Amino acid sequence: MVASDFFVSADKADWVNPEPGVRRRIMTYLPEMMMVEVVFEKGAIGSKHSHPHIQASYVAEGSFEVTIDGRTEVLNKGGSFIVPPDLVHGVKALEAGRLIDVFNPHRAEFLK
């Protein structure tokens, strides 16, 4: 699949569980960009990792401890962060929460 439909309703997306206490669904994408919703249970961890994509994230719900390149900040609902390519980053949900992640280009490995 090269791209999703222009319009995607929430009930059309499949959820996956990439880590304990974490659920993720692809909201929509083109080769150049992907939007993903990630839901965390309280205490769940998005393990530290890196990738060649630019990532911008919006805290839609909850509170997260976010670490980027060794720097850690707490972000609450309405906060956001951006991760340049190849920097190590990860999150911990301080309470149940939801992130909206945007990647440039899309994360092809998420489509498998």
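The paragraphs below go through the core, the aromatic pairs and the pockets of a predicted model.

Residues are numbered from 1 along each chain as its sequence is written, and side-chain values use heavy atoms, with hydrogens and water left out. Because the model is predicted, local features need pLDDT of at least 70 and side-chain atom pairs count only at pLDDT 80 or more, while totals for chains, interfaces and linings use all residues.

In soluble globular proteins, nonpolar side chains tend to be buried together. A nonpolar core here is a set of buried Ala, Val, Leu, Ile, Met, Phe, Trp, Tyr and Cys residues joined through side-chain atoms within 4.5 Å; buried means under 20% relative accessible area, with a 1.4 Å probe and protein chains only. The largest such core has 19 residues, and Phe40, Phe64, Val66, Phe81 and Val91 have the most contacts inside it. Two or more of its residues come from each of β2, β3, β6, β8 (80–83), β9 and β10, where strands are DSSP runs (E, at least two residues) numbered from the N terminus. Strand β3 gives the largest share, four residues. Beyond its neighbours within four places in sequence, Val66 is in contact (heavy atoms within 4.5 Å) with Arg71, Thr72, Glu73, Leu75, Phe81, Gly90 and Val91.

The structure holds two aromatic pairs, that is, Phe, Tyr or Trp rings (for Trp the six-membered ring) with centres within 6.5 Å; planes over 60 degrees apart count as edge-to-face. The ring centres of Phe40 and Phe64 are 5.1 Å apart and their planes stand at 80 degrees, so this pair is edge-to-face. Phe40 lies in strand β3 and Phe64 in strand β6, so the pair ties together parts 24 residues apart in sequence. Phe40 counts as buried at 5% relative accessibility, and Phe64 counts as buried at 0%. Phe103 and Phe110 form an edge-to-face pair, with 5.8 Å centre to centre and 85 degrees between the planes; Phe103 and Phe110 are buried.

A pocket is an open set of points on a 1 Å grid where a 1.4 Å probe fits, with protein on both sides within 12 Å along at least five of seven lines; lining residues have an atom within 4 Å of a point. The largest pocket holds about 420 Å³ of space. Of its 18 lining residues, Ala13, Asp14, Ile26, Tyr29 and Leu111 lie nearest its centre, and strand β2 (residues 22–30) supplies the largest share, five residues. The second largest pocket has a volume of about 320 Å³. It is lined by 22 residues, with Glu19, Phe40, Gly46, His49 and Asp101 closest to its centre.

Notes: Points joined across faces, edges and corners; volume = space filled by probe spheres on them. Buried < 20%, exposed > 50% of the residue type's maximum accessible area, 1.4 Å probe, protein only. Phe/Tyr/Trp six-rings, centres within 6.5 Å; stacked < 30°, edge-to-face > 60°.
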